[in-house]
Amino acid sequence: MDRVVVMSGPLRASAHARRDAALRRLRRVNRVLIGGAVAATALLTDVTAHAFPGHARRVSARAPATVPAPARAAGAHARQHARHHARHHRRPALRPPASAPTSATATAPPVTTTAPPATSTTTTPPPATTTAAPTPQPQPAPAPAPTVSGGS
Amino acid sequence: MTPPPAAPPAAPGSTETWSALGTTVVLRYEGPPNPAARAAVERELDAIDHAASRFRSDSELSRLNAMSGPGPRTAIAGPLFAQAVRLAIHAADASDGAVDPTLGAELVALGYDRDWHELCAVPVAAPLSEGGDIVVYRSRRPRWEEIEIAGDPARITLPAGVDLDLGATAKAMAADRAARAAHEAAGVGVLVSLGGDIATHGTRPAGGWTIHVTDDHRAGPDAPGQTIAIQSGGVATSSIVTRRWRHGGRAMHHVLDPRSGEPVRGPWRTVSVAAATCAEANIATTAALVLGHDACAWLAEQGLPARLVALDGSVVAQGGWPR
């Protein structure tokens, strides 16, 4: 069975006062909690920053000519940032040649490149010179043997 | 970027061949023999050897690796060593870690702890499984992002437990530098090959520089492969059939997968790439071997002409590489 409580005037005022007091206490507690959270955040940020210090970003004026500009920034953080950026934007990091290779055929006799420890010097002969008529037309210099690119 | 102008068609050329950095050097240039060109190349090769060789104890790289102590190791680097380290970091960055300069300790653990000629070599013609299969049995945490280099002169800091190996990039960088130096010394168009890593600089001959790509740079221009011509830039070829040795009953080779620290297994045996520089071509070939099935897409993304030879000998040409 429900109970119905009928408060008289003074009693109702007292309840209101208690409620208002509780709300004030709650407001104070909230303020303290928010302030504490802000202070704790600042403190933790400071501790973390000192525990994991950043690194100076310096761009070396002596960076190698073969390295594109994004790679010249020194420091792990800068590299990670550049890497993330490169991944995100999918930019090629290596430069292609000015023109693609073309097919060629070797016409000259092979010149071996396995000479260690010997040293060799070969000179492709210049075009033959005409010394007396009737000599054949000057022959173009024979194409040198191709240089070999293979695993080493 | 435009290709250099072509030389007159009948210009005579010179070719010099010798041995350095544990491999074969080929110097080719327009005109009669010019001692200044070769001297310039030799200076560059000597400098890179003193800076970045893993096989001489007095190199800057060896001294940095040999520093003892539980924490990170720091050293002041000369300009050339700093350039080599920066390029190696760029290679790792550009390849998402596929070309990793921090595999020095792994290479030593796999037996590659001395000059190549002193190892128990596996013949190039031997099957890839010769000496036992290569088994990937562990995973490895990449450390290259922890390398610090800053300042001038550069201060390099290596994380604890990491040894540098710049073999994948320093030789190609040396080829680029040597070609430039020879060109400046002789005033003619120059091609420099260091064990198959080819760089050019200056005027090209008529028809371009002819290059034969194959599995092994020592095989000569008659070996199975393809002959191409380039107008400028560089060409590199990386292969897992060369520079193999036996260690612990297993056949090893020098291209390691940074994810495992073990030699890569395919599906490619040889990759050739043309790029703006020899260093960039070499980064791409090494990365392609490591990336395996993802290599074609990655090379296409980079826009690089490439030729990939699978383990069964089938060839894929892409990005403008001639067929």
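Where is Thr210(B) found? Thr210(B) sits in strand S9 of chain B, residues 209-216. Helices and strands here are DSSP runs, numbered from the N terminus: H or I of at least four residues for helices, E of at least two for strands.

A word on the model. It is predicted: local features need pLDDT of at least 70, side-chain atom pairs count only at pLDDT 80 or more, and totals for chains, interfaces and linings use all residues. Residues are numbered from 1 along each chain as its sequence is written, and chains are lettered from A and ligands numbered from 1 in the order in which they are written.

Thr210(B) is buried, because 24 other C-beta atoms lie within 10 Å. Buried takes 20 or more such atoms within 10 Å, exposed 12 or fewer, partly exposed in between, with C-beta atoms placed from the backbone. Ile228(B) is 18 residues away from Thr210(B) in sequence, yet 5.6 Å away in space, C-alpha to C-alpha.

Now helix H6 of chain B, residues 278-291. H6(B) has 14 residues and reaches 20 Å from first C-alpha to last. That is close to the 20 Å expected, meaning 1.5 Å times one less than the number of residues. Of its 14 residues, 14 are buried. Gly292(B) follows H6(B), with a positive phi near 65°.

Next, its partner. The axes of H6(B) and H7(B), residues 295-302, come within 8 Å and cross at roughly 150°. The two helices are therefore roughly antiparallel, a label for angles over 145 degrees. Among the residues that meet are Ala284(B) and Leu291(B) from H6(B), and Trp298(B) and Leu299(B) from H7(B). Contact means C-beta atoms within 7 Å.

Definitions and conventions. Axes fitted to C-alpha atoms, helices over the stretch in contact; angles between N-to-C directions. Parallel < 35°, antiparallel > 145°, perpendicular 65-115°, else oblique. Contact = placed C-beta atoms within 7 Å.
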